[in-house]
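Trainee: I have a new protein to look at today. Could we go through it together, one question at a time?

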Amino acid sequence: IKRELLLIAILGAVLRVFRYASRPFYVDERVGTYRFSGFTPVELFQSLPYLDTHPPLYYLLMHYWRGIFSSSLASTRFLSVIFGVLTILGIYFVTEEITNVQAAFIASFVLAISPYHIAVSQYARQYALFTCTIAFSFYFLIRLFDDLSTINKAGYILTTAVMASVHIY
C-alpha cells in the first residue's frame, strides 16, 4: 500500500473515531442494531422478516461482534468505523482502475474528510458495511473486464452477496 494512501486512511480513521462514542444514541441504533443483534441466529432468521426491512447479515455479524468485543455503544459503533476506513481504500482502488493514481488520491481524500461519510461511519447501522461492499464489488467488477482470475471472480461474488445481504437496494 502506498504511503500517501496509508496517511489518507489514517486521517479517515482519526476523523471517524473522533467523538464517535459521544454522539447521541439514536433510536434506530437502539431499536434496530441493539435489539436485533441480541437475537440468536435462529431467532434472527425466523423473526427479522416480520420486524425489519433489512436483510439479516449485518445483525448476525453484530451479534458475534458484540459477543466478542462487548455491547457498549463505542464497541458497537466501532465496526462501522472499520468499514468506513475500508471504504476509503475501496474508493482509491476503484478510482485508480478507472482513471489514474492522482485522481484516486483525490477521491479517497475527499471521502476521508466527507462529513456525511464520517457520520455514516460513526453510526451503528449497516450503512458503512453497505458502502464498503459497493466500493469493492465495483472494483472487482471493473477488474473482471481485464482479468478473469479466480480472485476477481470470487471477490466480485462475495462482495456482491454481502452487499445484497445487508441492505435492500
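This is a predicted model: local features need pLDDT of at least 70, side-chain atom pairs count only at pLDDT 80 or more; totals for chains, interfaces and linings use all residues.

Trainee: Which helix has the lowest mean pLDDT, and which the highest?

Mentor: pLDDT is the predictor's confidence in each residue, from 0 to 100. Among the elements, the lowest mean, 72, belongs to helix H2 (residues 27-37), and the highest, 96, to helix H6 (residues 101-113).

Trainee: Where does serine 121 lie, and is serine 121 buried or exposed?

Mentor: Serine 121 sits in the loop that runs between helix H7 (115-120) and helix H8 (127-146). Leaving out residues up to four places away in sequence, serine 121 touches Arg16, Arg77, Ser80, Val81, Gly84 and Ala128. Its relative accessible area is 0%, and the cut-off for buried is under 20%, so serine 121 is buried.

Trainee: What about phenylalanine 39: which residues is it in contact with, leaving aside neighbours within four places in sequence?

Mentor: Phenylalanine 39 has its place in the loop between H2 and H3. With a relative accessible area of 16%, phenylalanine 39 is buried. The C-alpha atoms of phenylalanine 39 and histidine 63 are separated by 7.4 Å, although the two residues are 24 apart along the chain. Beyond those neighbours, the contacts of phenylalanine 39 are Leu44, Ser47, Leu51 and His63.

Trainee: Which element gives the largest share of the largest nonpolar core?

Mentor: This core has 23 residues, and Phe36, Leu44, Tyr58, Tyr59, Leu79 and Phe83 touch the most other members. Two or more residues come from each of helix H3 (41-51), helix H4 (57-69), helix H5 (73-98), H8 and helix H9 (150-166). The largest share, eight residues, is given by H8.

Trainee: Why does valine 14 count as exposed?

Mentor: Valine 14 is found in helix H1 (residues 3-17). The cut-off for exposed is over 50% relative accessible area. Valine 14 counts as exposed because its relative accessibility is 52%.

Trainee: And which residues form a nonpolar patch on the surface?

Mentor: Leucine 7 lies in helix H1 and is exposed, with a relative accessible area of 52%. In soluble globular proteins, nonpolar side chains tend to be buried together. Here, a surface patch with about 370 Å² of accessible area together is formed by Leu6, Leu7, Ile10 and Val14.

Conventions:
Residues are numbered from 1 along each chain as its sequence is written. Side-chain values use heavy atoms; hydrogens and water are left out. Patches are made of residues with over 30% relative accessible area and no salt bridge: like charges are joined within 9 Å, nonpolar side chains (Val, Leu, Ile, Met, Phe, Trp, Tyr) within 5 Å. Accessible areas come from the Shrake-Rupley method with a 1.4 Å probe; for residues, only the protein chains shown count as cover. A salt bridge is a side-chain nitrogen of Lys or Arg within 4 Å of a carboxyl oxygen of Asp or Glu. Helices (H or I, at least four residues) and strands (E, at least two) are DSSP runs, numbered from the N terminus. Buried means under 20% relative accessible area, exposed over 50%, partly exposed in between (1.4 Å probe, protein chains only). Contact means heavy atoms within 4.5 Å. A nonpolar core is a set of buried Ala, Val, Leu, Ile, Met, Phe, Trp, Tyr and Cys residues joined through side-chain atoms within 4.5 Å.
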